[in-house]
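Work through these exercises with the model open. Try each task before you read its solution.

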Amino acid sequence: MKFGGSSVGTTTGIRNVKQIVNSQKGQVIVVVSALGGVTDQLIKTAQMASEGNKAYEDELAQLTNRHYDLIDDNISTGNKRDELMTKVEQLLGELRDIFQGIYLIKDLSRKTNDTILSYGERLSSLIVAEVTGAAWKDSREFIKTERKQGKHILNAELTNKLVKEQFCDLPQLTLIPGFIATDKNTGEVTNLGRGGSDYTAAIVAAALDAESLEIWTDVDGFMTADPRVIHSAYTISSLTYVEATELCNFGAKVVYPPTIWPVYHKNIPILIKNTFNPDAQGTVIRQGTSNGTGKAIKGISSIDDTCLITVQGLGMVGVIGVNRRIFSTLAEHGISVFMVSQASSENSTSIGVKTADAVTACEVLDKEFSKEIELGEMFPMKAEYGLATVAIVGENMKHTPGIAGKLFGALGRSGISVIACAQGASETNISFVVNKKLLRKSLNVIHDSFFLSEYQVLNLFICGIGTVGHSLITQIESQREKLMRENGLQLNVVGIANSKKGLFTREGIDLKDYKNELLEKGKDCDLNMLLSEVTSMNIFNAVFVDCTANSGVASIYEQLLQHNISVVAANKIAASSPYDNYMKLKQTAHQRGVKFLFETNVGAGLPIINTINDLIHSGDKILKIEAVLSGTLNYIFNALSAETTMSKAIAEAKQKGFSEPDPRIDLSGKDVIRKLVILAREAGYRLDQEDVEKQLFIPDQLMEGSLEDFWKHIPELDEGFEARRQKLAEQGKRWRFVARLSEGKASVGLEEVASNHPFYGLESSNNIILLTTERYHEYPMMIQGYGAGASVTAAGVFADIMSIANV
Ligand code: ADP
Ligand code: ASP
Ligand code: MG
């Protein structure tokens with residue numbers, strides 16, 4: 001049973017360890033790491049001392065106190081404790097002397113450093129042995145290493161022999177320090193590498209043919225991905241040795257990679273358990289047959305420290321032995337290669353190495369191929385830094401076609417480009433290299449598409465929290481749980497911004513209190529900041545929702561779409577902007593595999609644009625559109641009566657919040673023109689705002705002056721309108737402000753409609769649209785209903801968001 005630093009680092013942890021260990025029935029060997037963080041702290045303190053930084057003493061004091069505190073908390077006074085204190089004081093005293101020596105001579109050799117590191121496990125093991133009542137043994141006596149290519153490597157033969165001797169009669173409970181070892185020849189203190197306590201436990205388990213190896217840590221088991229990066233990662237109940245090896249080798253820190261081999265060899269199962277939640281089932285790693293049932297992918301892991309070296313040249317094509325030279329040169333210099341990808345044309349080979357090895361790797365390869373480079377048969381080595389490697393792992397992959405397709409498809413849709421990739425013929429692992437900045441996003445995308453197919457996540461940025469934005473947030477808040485439960489859709493609002501501030505968080509914003517949160521935690525945010533915050537979050541399945549009427553916000557859609565972020569706009573400016581711009585946005589969205597939706601631009605929540613699209617996609621053709629598209633104008637013309645004059649009706653529309661603050665935007669027909677242009681474009685016609693003919697009912701001079709002048713002079717029109725209204729009423733007709741598109745020509749203007757016309761009875765601020773198409777010819781299709789209002793508009797925006805999720 002191996003307990004990691006996270007298990008023995010705190011009083012709670014140590015109490016749990018005691019309980020777990022003491023409840024075991026059979027014979028147990030316990031392996032412990034240094035208290036969590038101590039190895040790092042030893043490295044840091046040694047470094048400080050060697051640089052002549054006297055503050056190393058503070059570090060050491062802190063480290064010393066931590067050990068004493070733990071003894072105080074866990075061991076009651078008495079002889080045993082005195083004995084332990086003597087040993088611990090002795091060790092800490094030695095450590096102090098070593099640090100002082102380093103501080104004085106300002107030199108830190110590798111040998112001294114290894115000696116220092118050993119104190120972490122020596123101290124922790126003494127304490128835990130006392131707490132658990134176990135017999136203590138010193139690993140340095142039986143874990144033996146030898147030096148190869150500048151590294152300490154386990155000498156398995158000698159170690160096995162010594163372990164067997166040491167443990168020939170086994171007490172019920174023995175405790176040993178993990179990680180530390182000694183050199184087989186010189187007897188110097190060495191270790192098995194960072195995270196090496198797992199390995200110590202595996203070596204002992206294998207040598208003694210243990211029943212099982214248990215690794216106790218601070219998570220419930222081996223998880224589908226690193227839980228610190230992927231919040232939705234979950235515990236895998238079983239893994240084969242091969243799968244576990246692939247995942248560990250690629251950075252799943254939970255098990256130190258060399259650990260698997262010795263126990264695999266002896267077919268000893270490994271159990272990963274949580275010290276802080278011993279009842280959790282954990283993960284078992286054992287011999288397995290891949291039979292094609294179960295999940296194709298078991299886990300994802302990654303290393304963010306990748307440099308890709310490309311060996312390239314036409315002179316390599318068909319030449320035998322180039323690869324041998326590449327790999328033997330690297331091996332001679334102790335450089336480990338963790339990924340290789342070669343095109344079948346053989347003209348380039350890409351090699352993944354650690355960043356620290358990259359410069360040397362290029363140098364030695366340039367030297368090896370200097371002749372070829374000189375002759376122009378090959379190029380000098382090219383190193384690309386700042387990359388990360390991701391691996392997806394599962395033995396069932398070989399029985400499941402389409403995994404690579406799904407993987408690269410998901411990455412592509414999220415705008416992640418793959419720089420190199422490799423899949424071995426064993427088909428248990430597909431690895432690929434991406435820009436390090438995209439690592440988190442890549443992991444999320446893959447995790448989401450392979451493990452969370454039960455539910456889908458949409459990450460929303462909501463811009464504008466006026467009436468529509470606020471209403472949308474309220475609707476999302478109240479629907480969220482139901483959508484998750486019934487549709488498997490998780491809506492995450494990860495950003496909210498108004499014209500001054502923005503709040504962004506990957507974990508999602510608490511919608512109940514978003515206004516205060518924005519006020520308190522939001523940062524000042526102009527348009528550039530907004531764009532950079534949204535794009536740099538690099539979050540997958542992202543949707544930007546524009547609930548403003550701002551042209552600046554509309555101007556960033558293109559860049560958002562370029563970053564594979566879908567855009568849902570209640571804002572009409574972009575869709576009615578110059579035709580080329582509108583088309584470019586649509587094309588970018590199409591190329592990037594994301595959506596640009598604006599259903600609420602016309603008729604608020606009424607399904608007009610979607611209907612037009614559905615008709616066209618199914619082969620229909622829109623011949624004519626006739627519509628009343630301005631809620632404000634319809635309200636005004638419905639309100640006119642002997643008592644309500646034109647000026648009064650306009651004032652009322654403003655007061656009730658139907659019109660824009662400057663009602664002339666509605667009266668000028670600009671709003672209707674924008675809507676008509678959008679409908680015409682969606683119907684397949686090329687149209688710009690200037691192409692729309694207009695017949696207005698307010699004289700130009702009133703439209704051009706100041707707003708004050710407008711209100712002053714508008715009553716002058718009342719008399720004339722009233723006279724015309726009376727005449728119209730006598731004829732049984734009404735005014736409607738109608739938008740028309742017929743044979744590609746567009747116009748807006750005031751029309752008189754008779755009582756048998758569908759527009760005649762249109763009430764209040766409602767909208768109506770008649771679509772005459774090849775199929776709906778004799779009797780046009782009619783869509784009618786509320787054409788304005790915050791809650792119906794927000795509902796329309798919500799519907800657009802839902803259509804992106806495709807649920
Ligand atoms: P210990 O101190 O017990 O040796 P480590 O810190 O070495 O613990 O390893 C456990 C940690 O590994 C977990 O806390 C988790 O953050 C990290 N980790 C990374 N990848 C995975 C994974 N795939 N499954 C579980 N844990 C992982
Ligand atoms: N204490 C060592 C380290 O931190 C070994 C281990 O924790 O496994 O690397
Ligand atoms: Mg560990």
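**Exercise 1.** How far is an oxygen atom of ligand 2 from a polar backbone atom of S197?

Solution. The model is predicted, so every distance here is computed from it. Start at S197. A polar backbone atom of S197 is 3.0 Å from an oxygen atom of ligand 2. Step back to G196. A backbone N or O atom of G196 lies 3.4 Å from an oxygen atom of ligand 2. Then take G195. For a polar backbone atom of G195 and a ligand 2 oxygen atom, the distance is 2.7 Å. Ligand 2 exposes 270 Å² when taken alone, and the protein buries 87% of that.

**Exercise 2.** Describe the site of ligand 1, from its shell to its cover.

Solution. Begin with the shell. Ligand 1 is surrounded by 18 residues, and the closest are T217, D218, M223, R228 and K253.

Now the polar contacts. A side-chain N or O atom of T217 is 2.7 Å from an oxygen atom of ligand 1. For R228, a side-chain N or O atom is 3.1 Å from a ligand 1 oxygen atom. G5 uses its backbone: a polar atom there is 3.2 Å from an oxygen atom of ligand 1. Finally, the cover. On its own, ligand 1 has 570 Å² of accessible area, and the protein covers 89% of it.

**Exercise 3.** Which residues have the most contacts inside the largest nonpolar core?

Solution. The largest nonpolar core has 83 residues. F544, Y557, I625 and F697 have the most contacts inside this core. Next, find the main contributor. Helix α26 (residues 670-682) gives the most to the core, with seven residues.

Now zoom in on I625. Set aside its neighbours within four places in sequence. I625 is then in contact with I612, L679, A683, A739, R740, L741, I769, L770 and L771.

Last, look beyond this core. A second, separate core has 47 residues, including V17, L35, M85 and I180.

Technical notes. Residues numbered from 1 in each chain as written. Chains lettered and ligands numbered in written order. Predicted model: local features only at pLDDT ≥ 70, side-chain atom pairs only at ≥ 80, totals over all residues. Heavy atoms only, no water. Polar contact = N/O pair within 3.5 Å; in protein donor to acceptor, adjacent residues only side chain to side chain. Areas by Shrake-Rupley, 256 points an atom, 1.4 Å probe, with all protein chains shown as cover. Core = buried A, V, L, I, M, F, W, Y, C linked by side-chain atoms within 4.5 Å. Buried < 20%, exposed > 50% of the residue type's maximum accessible area, 1.4 Å probe, protein only. Helix = DSSP H or I, 4+ residues; strand = E, 2+ residues; numbered from the N terminus. Contact = heavy atoms within 4.5 Å. Near = heavy atom within 4 Å.
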